[in-house]
Amino acid sequence: MKALKTILVLIIVIGLTVNTACFSNVNTKDGNVKLTIYVMENDTFLRNVIRKFNSDHKEITIEEKIYYSDQYEKYSEDIQASLLSDSGSDIVVTSPVRIPMLSKYIDNGYFGELDDLYNNDKNINKDDIYNEIMNYGIYKGKRYLIPLSYTIDALFTTRSILDEKGITGLDSDVSWEDISQICSEYQKKNQKESQYILSNLEPSSLIRGLGNNIIDLENKAAKLDTAAVKEAIKLYKTINKSVIPDKVFYEKIKDGDISAILRNKDAIFLNSAITSPRNLRYNYSLLNTGIQPQIYTACTVENKISPKVTLFGAINSKCTHKKEAYEFISTLLSKDYQANNFLNGLPISKSAYEQEKDRCLEEKANNSIKTLLPQVDGYLERLDFCKIEDVRLFDLIDTKIRECVSKNDNDDNIAKSLQETAENYFKETVAAVSKNQSEAIDTNNSIKAQLSIIYMDYNSRIKNALRKCRELYPGIEFTETVFGNEQYSEMNTKLSTELMAGAGPDIIIFGANTFKSLYKVAGSGIFTDLNELISKDNEFNRSDYYEDIFDCGIYDNKRFYIPLEFSIPYFRTTDLTLKKNNIAIEQSGLTLDSLHKLAQDFIKNNDNKNKSLFWCNFGFLTMMQISGDNFIDIKNRKTYFNTKKFIDLLKIYKDIYPSIATYDTCAKYNSYTDMTKEDKLIMAYDFSNESPWQLWTYNSIYNGVTGDDMDIIPLTNNGDCYARIGDCIGINSFCKSKDAAFKFIKIILSRDLQKTSDSYGSYNLNLLLPINKQAYNEDINSYLSNNSSGFGSEYPAKELPKKLAEKMNSLVEKAKPEKDMDIEVRKIVGEALEDYSKGKASAEQTAKTIDQKVTLYLNE
């Protein structure tokens, strides 16, 4: 059984940094050292370091072998098997959990000595390293491992919970004896109380608390049949009566929200781990902002704080390029990496920790951190020296203690059983047989190609599609350029600039903000006509998709791109909210005329000037979208802004403007659902979260906030909904392997990649409506019977109402693409609208100004 605390750490980690392995090679042509690295696909931080390292070290290349989120077990098996093989792996960067018999790998000579490399590393300031943590990795007087991060076990609670339960007199750290006393006294005073004291507990935590000399891995000795251990067993028995049973505990945190333990008061203390400053507040993230957070640690008998290493680096003893391999490990020790990339533990670099701490303290909405960090600082001053641990041994100890306690064994017998367990473990040998079994894939297609692609790191759908393509067509190799989560503008600039220069990636994935003028780009010869590829493919069927949306990429009878997603204009609200405000709306939705009248009536009858009809993001450009009118003919360079139809639209907007909440007003609330709850908002326009998954999610949130199901009010014109197009995909006309690129397009358009999750259970994280009909129908139907939470909300999930699903079904079938409007045109309209809204120009003057400026733009 895996350690409970380890699982907790894994739950709270975003993008868990895990093990890597690589096979060194020297390219005989250029002398370049190549290292193949095993890495989890969702390990964003490690992968970013690899990219930067490759960029900075032209003579060294690290090539990734990717494992996906459902392949953790296979990954662990492969990395261990790789170490046992003759070729071996050059670099290992992993959690001790991934190599649970760690000392045995060192004993058998699988890891190389690092003393010379580390001691002579002038890039590392040794005074900036926590020496207590760095001691981990020294085994029998020699260094084999470089620790990179660590955690401290802690008990999380709040002052209000302690006061409510009458628990007083606790210092910042406590002994397990203190915790046992709390449990014993609480049980006596509250015999009918059903609340637990602790969320969970590893029996071995009490053994660890006795100091790191109880288990001597170097000499294969244990001191488990001793008076100190028997006392620890006695304490565990007392404490365990107040611990949430494992089955109940895992049920309560099945959605990964361990803060629910405190929020729902399932236990007085949440037994978790102190990780990075950024993640420290996680356990309090969904509690009320006014709480007074408290954390306690169980100190050792020497009054020390026992840390636990969560990530280390090492080099295989067979590695022929140890210096180059160590250069990568040294990079992971640098302050920049430690400060910016560690989410699974505290950085071993002191300055990195201070930098992260300062960042957190600067955040305004982070009051809990201001209380917690000084406590953590005190713990860091009393760290105990780390030693290598074998996770498997402590798992065996945990299992044995639980087994013996369940059978009511006495303390003497349990201690003897533990001693025997350890001695048997010392006799175990590392298995020499690898379990590395490749997954079966379709290798019938012998297509060979090299393709390039650019995308954002958060785009899980593209990542999942790449995985599927590699498995179906192993002969297709991809060169990926991946941008970080805050580099959206940088990616758009690179993509647009390179394509206009006749270069760029083979597969072009772009959004509404990528090109200043999509029409000009389409007419420049950048895109391949996809109709030529579709006509040759007997399996491709346009009827599988929403055809009106599907055809939006056709220019001059050529199909330059295909949309991957779209969104329909509608407002979110509830029947209860509408009735409370005496508003009646036809189920068919709102037209511009009825919207106009609704807003005028609201303004006239609204006595509460702090109440708004529409959320602040509803604006004039949205009204242009609703209208379905085409005010610009880019192809023929004609404009129709200086027309009665556009002027009337401006006047309608000005009339309804007072009913729209200001951005300053909206900023006072966490979300529009909170504003609705306080009866300050009637409807919220949302065009960015419309997939069946998001429809289900937001209905659950609305129900949790207001007590009523969500309703959607569509915006139509003559019964049509003019949909906004999301990400699109095309093929570069310079692509040398267009057939291969089209196979990727077919995969990303498939039901598997258009659904909420793919066939491996990995989220595609599709926020908009899928273009694939089957994917939409399967998702929408699944959520009609889904009431198991999975979206990280504090509100319980609720089955999607049939009424809501049916309304969305009718909308997607009649959706049409909105009229194209270049970024520059939107900018011109927005700037002119600002003067119009402030009364500096009339509707007629505004229309004329827009018409003139857009005409000039078209003729540039």
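**Reading the features**

Tutor: In this predicted model, four strands form an open sheet with mixed pairing, in the order β31-β22-β29-β32. The edges are β31 (769-770) and β32 (815-817), each with a single partner strand, so one side of each has no neighbour in the sheet.

Student: What holds the strands of a sheet together in general?

Tutor: Strands pair through backbone hydrogen bonds, in a parallel or an antiparallel sense. Here, strand β22 (residues 565-567) pairs with strand β29 (residues 721-725) in the antiparallel sense, over two bridges. Ser567 has Arg724 in β29 as its bridge partner.

Student: Where is Thr716 found? Is it buried or exposed?

Tutor: Thr716 lies in the loop between β28 (710-714) and β29. Its relative accessibility is 6%, and buried means under 20%, so Thr716 counts as buried. Beyond its neighbours within four places in sequence, Thr716 is in contact with Ser588, Leu590, Thr591, Leu592, Ile626 and Cys721.

Student: How is empty space found, in general?

Tutor: A probe the size of a water molecule is rolled over the atoms, and this shows where empty space is left. In this model the count is one cavity of 30 Å³ or more. The largest cavity has a volume of about 50 Å³.

Student: Which residues line the largest cavity?

Tutor: The lining consists of Glu41, Arg47, Ile66, Tyr68, Tyr455, Lys463, Leu466, Arg470 and Glu480. By type, four are nonpolar, none polar and five charged. Helix α20 (residues 460-472) gives the most to this lining, with three residues.

Note on methods
Residues are numbered from 1 along each chain as its sequence is written. This is a predicted model: local features need pLDDT of at least 70, side-chain atom pairs count only at pLDDT 80 or more; totals for chains, interfaces and linings use all residues. Side-chain values use heavy atoms; hydrogens and water are left out. On a 1 Å grid over the protein atoms alone, a cavity is a set of points where a 1.4 Å probe fits but cannot get out, and a pocket is an open set with protein on both sides within 12 Å along at least five of seven lines; lining residues have an atom within 4 Å of a point. Grid points are joined across faces, edges and corners, and a volume is the space filled by probe spheres set on the points. Ala, Val, Leu, Ile, Met, Phe, Trp, Tyr, Cys and Pro count as nonpolar, Asp, Glu, Lys and Arg as charged, and the others, Gly among them, as polar. Two strands pair if DSSP finds at least two bridges between them. Buried means under 20% relative accessible area, exposed over 50%, partly exposed in between (1.4 Å probe, protein chains only). Contact means heavy atoms within 4.5 Å.
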